[in-house]
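Please read them with the coordinates open beside the text.

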Amino acid sequence: MRALISLTDKSNLEYLVSNLKELGYEIISTGGTLKKIREFGIDALSVESITNFKEILGGRVKTLSPYIHGGILYRRDKEEDLRTVEEENIQPIDMVVVNLYDFAGALKSGNHENIVENIDIGGPTLIRAAAKNYKDVLVVTDVDDYEEVINRIREGSVDLEFREKLATKAFNLTAYYDANISRYFINRTQPDTKYLNFGFEKVEDLRYGENPAQRATLYKDNMINSYFSNFEILHGKKMSFNNYNDLNVAVEIVSELGENSVAAIKHATPCAVSHKKNLKESYIAAYNSDSTSIFGGIVALNGVVEAELAEELSKIFLEIIAATDFTPEALEILKRKANIRLIKMDFKLQKSALDIKQINGIVLAQEKDNAEDEYNIVTKKTPTPSEKEDLLFAMKVVKHVKSNAVVAVKDMTTVGIGGGETSRIWALQNIKEHYDRDFTGAVLASDAFFPFDDCVTLAGEMNISAIIQPGGSVKDEDSIKKCNELSIAMVFSKNRHFKH
């Protein structure tokens with residue numbers, strides 16, 4: 001029996017090769033792996049001794065040989081194959097243990113030539129060859145499988161089902177690897193591609209999905225260095241499916257609004273957002289804007305949480321507090337609450353460029369909603385500088401609310417958020433009825449145009465001073481006319497911001 005071993009990740013290699021030797025395997029290896037095996041005091045053959053050809057082109061060609069692939073691919077139950085390998089003096093290879101060049105790691109260098117050199121050719125070829133002939137060849141691509149492989153060989157329990165399981169993992173690895181290479185070149189050249197490939201790496205199984213009866217798993221996308229790539233749970237239990245989904249909304253908002261912004265989320269819906277001159281003021285303003293919904297929610301704070309703010313945060317139950325960082329004093333205060341999760345995140349990291357939705361056998365892919373809004377005043381009344389600031393803030397918030405969405409803002413803090421309704425007027429009515437406050441001087445943002453002037457009429461009853469909306473309705477003039485009658489300023493932003 002012979003095993004070909006060629007590894008980038010050499011974890012647990014000594015355990016593997018010492019046990020294979022004990023079980024009577026002859027080992028063939030390459031380059032650094034061969035050197036490491038010999039350092040363990042274990043005999044191994046070089047690939048060159050099998051191929052009768054030296055490594056060339058800086059290691060680009062070493063295992064691409066009929067003496068290697070013939071030994072892997074020939075079918076042990078086919079007379080023609082048996083005759084061929086005997087005539088060509090090709091010896092069998094019964095096990096292939098291979099993992100691949102660290103392409104994902106090379107991406108971090110940002111050096112195109114280095115990235116290209118880390119595209120493995122021989123490794124995937126060996127893996128695919130062995131996986132294709134899984135009935136006769138064991139293909140091992142996961143360090144975590146070494147112990148089971150050794151135990152099964154020792155017990156004589158290497159059955160077809162186990163072989164097929166290893167082949168499945170092998171094809172899964174090469175598909176993941178090629179998907180990342182494909183995405184790298186797509187991102188680099190921006191072609192109109194026929195195929196869209198994604199490779200995700202499993203992180204962990206989650207307790208359940210949106211509901212307890214649903215299974216759920218967390219995967220990471222190694223092609224994106226996002227705020228979820230390097231976040232750190234400083235305190236509290238593992239995150240759930242809903243925790244990740246909710247936190248993403250909060251993070252999207254504060255990463256766009258910048259330092260000192262605060263967003264509170266409940267059930268993936270913003271309930272309070274504020275941006276003041278410091279983090280404590282922003283949080284207190286957000287809390288006061290909706291002290292009911294924020295309870296049991298998720299809060300993201302774009303900045304460092306200090307002790308004084310930590311005292312405020314600790315006054316109510318929050319599922320998650322995510323911040324740029326926490327001072328030691330703040331951590332000590334917040335860790336007194338056993339059921340809270342404290343998360344450190346970098347809100348300045350890269351965002352995904354695509355929004356992906358899978359629905360019953362088809363996949364929808366679109367660019368993220370990052371369109372720059374315009375600011376076209378269409379009424380006789382012009383917004384004041386502070387109203388303009390609030391209008392632009394409100395428009396950044398409203399695109400994170402489920403459509404039909406409207407957001408009322410005053411002094412860079414939300415004073416009412418309405419969304420998820422089938423009628424825009426109902427969303428605005430919810431703000432008016434659910435928020436017990438004076439809206440005088442507040443501004444209003446809408447994620448899409450007003451089809452009628454009813455929202456403007458209701459905004460007038462609420463003493464809203466200015467409105468921003470995309471415009472584009474055939475009845476835009478009705479809304480403009482009503483604004484002029486009620487002395488409300490209106491701005492058209494051009495871009496619609498539906499979120500479904």
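1. Which backbone atom does the side chain of Ser 65 reach, and at what distance? This is a predicted model, and in it the side chain of Ser 65 reaches the backbone nitrogen of Tyr 67, the distance being 3.1 Å.

2. Ser 65 sits in the loop between helix H3 (47-51) and H4, and beyond its neighbours within four places in sequence it is in contact with Thr 51 and Gly 70. Ser 65 counts as buried because its relative accessible area is 11%, where the cut-off for buried is under 20%.

3. Turning to the sheet, five strands make up an open arrangement with the order S3-S2-S1-S4-S5, and their pairing is parallel. At its edges are strand S3 (45-46) and strand S5 (138-140), each of which pairs on one side only.

4. Within that sheet, strand S1 (residues 2-6) and strand S4 (residues 95-98) run parallel and are joined by four bridges. One detail to check on screen is Leu 4, whose bridge partner in S4 is Val 96.

5. Helix H8 (residues 122-132) lies across S1, S4 and S5, and runs at about 145° to S4. How many of the 11 residues of H8 are buried? Eight of them are, so that the helix is mostly covered under the cut-off of under 20% relative accessible area. The buried residues are Gly 122, Gly 123, Pro 124, Leu 126, Ile 127, Ala 129, Ala 130 and Ala 131, and what covers them includes the strands S1, S4 and S5 together with helix H4 (66-73) and helix H10 (160-189).

6. As to the interior, nonpolar side chains in soluble globular proteins tend to be buried together. The largest nonpolar core in this model holds 67 residues, and those with the most contacts inside it are Leu 247, Met 345 and Ile 467. Helix H11 (residues 241-257) gives the most to this core, contributing eight residues. Apart from it lies another core, of 53 residues, which has Leu 16, Val 96, Leu 166 and Tyr 177 among its members.

Key:
Residues numbered from 1 in each chain as written. Predicted model: local features only at pLDDT ≥ 70, side-chain atom pairs only at ≥ 80, totals over all residues. Heavy atoms only, no water. Pairing = 2+ DSSP bridges. Helix = DSSP H or I, 4+ residues; strand = E, 2+ residues; numbered from the N terminus. Contact = heavy atoms within 4.5 Å. Axes fitted to C-alpha atoms, helices over the stretch in contact; angles between N-to-C directions. Buried < 20%, exposed > 50% of the residue type's maximum accessible area, 1.4 Å probe, protein only. Core = buried A, V, L, I, M, F, W, Y, C linked by side-chain atoms within 4.5 Å. Polar contact = N/O pair within 3.5 Å; in protein donor to acceptor, adjacent residues only side chain to side chain.
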